[in-house]
Amino acid sequence: MADRTAAQQERLDALLQEKRTFQPSEEFRRQANVSDPSIYDRARRDLEGFWAEEAKRLDWFEPYRRVLEWQAPWAKWFVGGKINAAYNCVDRHAASHRRNKAALIWEGEPGDSRVLTFGMLQREVNRFANVLKSLGVKKGDRVAIYMGMTPELVVAMLACAKIGAPHSIVFGGFSAEALAERINDAAAKVLVTGDGAWRRGNIVPLKKNADAALESTPSIEKVVVLERIGKAANIAMWPGRDLWWHELMDQASDHCAAEPMDSEDMLYILYTSGTTGKPKGVVHTTAGYLLGTAATHFYVFDVKEHDVYWCTADIGWVTGHSYIVYGPLANGTTSLIYEGSPDYPDRGRFWDICDKYGVNILYTAPTAIRTFMRWGTEWPAKHDLSALRVLGTVGEPINPEAWMWYHEHIGRGRCPIVDTWWQTETGMILITPLPGITATKPGSATRPFPGVEAEVLDENGRPVGPGAGGYLCLTKPWPAMFRTIYRDPDRYVRQYWSRYEGKYFTGDGAKVDEDGYFWLLGRVDDVMNVSGHRISTYEVESALVDHPAVAEAAVIGRAHDIKGQAIAAFVTLKDGTAATDALKDELKQHVARKIGALARPDDIFFTAELPKTRSAKIMRRLLRDIAERRVLGDTTTLADPMVVAKLKRQYEETGQAE
């Protein structure tokens with residue numbers, strides 16, 4: 001793998017030494033949803049037959065005529081079928097023995113809580129679906145959602161699905177500018193937001209950010225505002241445009257028929273960072289996505305009828321879409337939602353919630369696990385975690401040390417760990433253990449899910465041997481695969497399907513060991529993975545250069561024990577501008593305002609010049625080597641090798657560039 005970073009090579013070398021394996025217990029194996037390893041062979045022999053059998057777990061308004069039409073890179077799944085995602089997630093359960101079963105358990109950061117049964121959730125979804133209709137939203141219209149982690153966020157997205165209006169959820173931590181960019185790309189008709197949200201005891205100013213965004217979003221006609229904070233939010237309501245959620249809901253009927261959607265009708269758009277240019281609008285369609293999330297949720301987490309399942313992600317990211325809402329609710333599972341931070345009011349909050357609600361399945365990020373490790377074992381030790389049965393990880397590769405800590409101190413040595421790999425674009429989990437049959441290895445996502453085919457390829461598209469690193473690619477279509485980039489199909493083909501003909505290029509590095517297990521090595525492009533969130537170097541660089549003091553900037557992700565990657569920026573200032581600590585702080589805040597707090601650089605280094613090739617391309621690989629204090633890689637293509645040598649010397653001598 002020619003452009004593997006030094007950090008990836010170090011991770012690869014370390015992983016090659018990992019020999020520990022953990023077999024599922026006989027007790028777990030006996031009751032597991034998958035106990036027969038032949039599921040892999042069955043899916044490999046008859047891909048379409050496998051997914052057709054899985055499709056029986058959904059309710060269809062009209063049967064599909066064909067399982068798959070595939071002409072790479074264009075896929076159509078369950079061709080001709082009619083279905084509705086909200087009907088499958090809510091209505092059919094409300095009409096069954098699950099009517100009074102908890103669909104959502106919600107814990108607010110200040111300690112307030114609510115439970116919505118499937119029957120209650122149906123009424124709320126129907127009411128808000130009718131609210132959207134009253135605001136002129138029709139099938140195919142896009143609805144933007146910018147909310148905190150409350151049950152109303154789930155209600156809003158399912159109401160969109162109920163009437164066939166694709167939702168575009170924007171993470172509540174994003175700035176006004178990022179929100180406006182996403183609204184405009186989707187040409188959303190209505191924005192649903194809140195007066196604010198709680199985070200570490202502070203108010204997240206959702207409505208104020210939305211007001212700033214709406215100064216440049218001509219497609220928005222109406223704004224629906226949820227009252228979460230109250231007077232302390234100190235918001236303004238724009239007459240004729242802004243409407244209160246509760247007032248609209250009080251007037252709405254709780255009866256609404258589900259719109260029959262074609263299998264390939266768009267369910268939602270979700271924006272993710274790109275290596276260049278604006279964020280990409282990832283388009284997911286209805287039937288294949290819903291089936292993929294439901295099937296993987298059922299098998300990977302070994303879900304049982306009475307389980308309390310908690311995915312700790314934010315619904316603003318794809319993990320929340322797929323594994324808080326669509327997958328769990330399609331399976332009739334009780335899904336827990338938490339509004340706030342894991343360290344508020346203290347560092348035991350997650351374990352308090354697990355104890356309080358008897359959580360059986362916990363799905364969280366390696367970033368969180370590494371943070372818990374740093375906080376110490378006394379926090380989980382104070383709580384009863386005996387209800388936990390399955391543990392999961394998501395968002396980035398997990399290092400073996402964090403895996404073992406999770407196994408010993410959270411699972412208490414008895415819970416299988418499902419370390420999952422997938423992407424916003426894939427929609428569903430693609431590489432994962434199946435906890436009843438897979439022997440796990442700390443740090444490995446193990447094997448592709450049944451029906452998923454993956455390879456690790458070298459530069460020339462040849463499969464690499466055991467232990468060698470390469471590019472992770474997918475060689476067969478899967479139901480939840482995204483169909484295109486919204487309004488930019490050429491970019492879809494160019495970015496994902498052009499490197500190797502007929503194969504999906506994931507952008508991740510990986511290796512396969514002698515047992516056929518996959519080990520993920522992280523991104524190979526210029527997208528950083530910060531605490532499981534993908535952030536483009538281009539976006540952060542653009543925000544820095546937007547500041548009047550900055551002439552040029554280069555951004556890299558450096559290795560970080562907690563976050564996976566931390567953002568480091570090398571900045572060249574305009575002539576006459578002094579490089580001060582105050583300016584560093586100002587630039588960090590500037591990026592946070594432009595993009596959101598998650599993109600705030602950890603480090604800013606001032607430098608007179610940046611290392612560039614003769615064609616003027618900034619060599620970020622070398623900057624990463626400098627930031628991580630590694631031996632410099634090849635410098636022969638640099639226009640002036642002395643630039644990087646000087647930068648490295650300054651960094652090592654002073655801890656910063658000059």
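Let's start at Ser175. Ser175 sits in the loop between β7, residues 167–169, and α8, residues 176–186. Keep in mind that this is a predicted model.

Is Ser175 buried or exposed? Its relative accessibility is 6%. Buried means under 20%, so Ser175 counts as buried.

Who does Ser175 touch? Leave aside the neighbours within four places in sequence. Then Ser175 is in contact with Ala592, Arg593, Lys594, Ile595 and Gly596.

Now step back to the whole chain.

On to secondary structure. The protein has 21 helices and 30 strands.

Next, overall dimensions. The C-alpha atoms fill a box of roughly 70 × 60 × 55 Å along the principal axes. The radius of gyration is 24 Å. For 658 residues, a compact globule would come out near 26 Å, so the two values agree.

Then burial and surface. Of the 658 residues, 62% count as buried, and Ser175 is one of the buried residues. The accessible surface comes to about 24,200 Å². Carbon and sulfur atoms hold 48% of that surface.

Last topic, charge. There are 81 positive side chains and 86 negative ones. Where do the two sets lie relative to each other? Their centres are 1 Å apart.

To recap on the loop: Ser175 lies between β7 and α8, is buried at 6%, and has contacts that include Arg593 and Lys594.

Note on methods
Residues are numbered from 1 along each chain as its sequence is written. This is a predicted model: local features need pLDDT of at least 70, side-chain atom pairs count only at pLDDT 80 or more; totals for chains, interfaces and linings use all residues. Side-chain values use heavy atoms; hydrogens and water are left out. Helices (H or I, at least four residues) and strands (E, at least two) are DSSP runs, numbered from the N terminus. The radius of gyration is taken over C-alpha atoms; the globule rule is 2.2 Å times the number of residues to the power 0.38. Buried means under 20% relative accessible area, exposed over 50%, partly exposed in between (1.4 Å probe, protein chains only). Accessible areas come from the Shrake-Rupley method with a 1.4 Å probe; for residues, only the protein chains shown count as cover. Lys and Arg count as positive and Asp and Glu as negative; His and the chain ends are not counted. The place of a charge is taken as NZ of Lys, CZ of Arg, CG of Asp or CD of Glu. Contact means heavy atoms within 4.5 Å.
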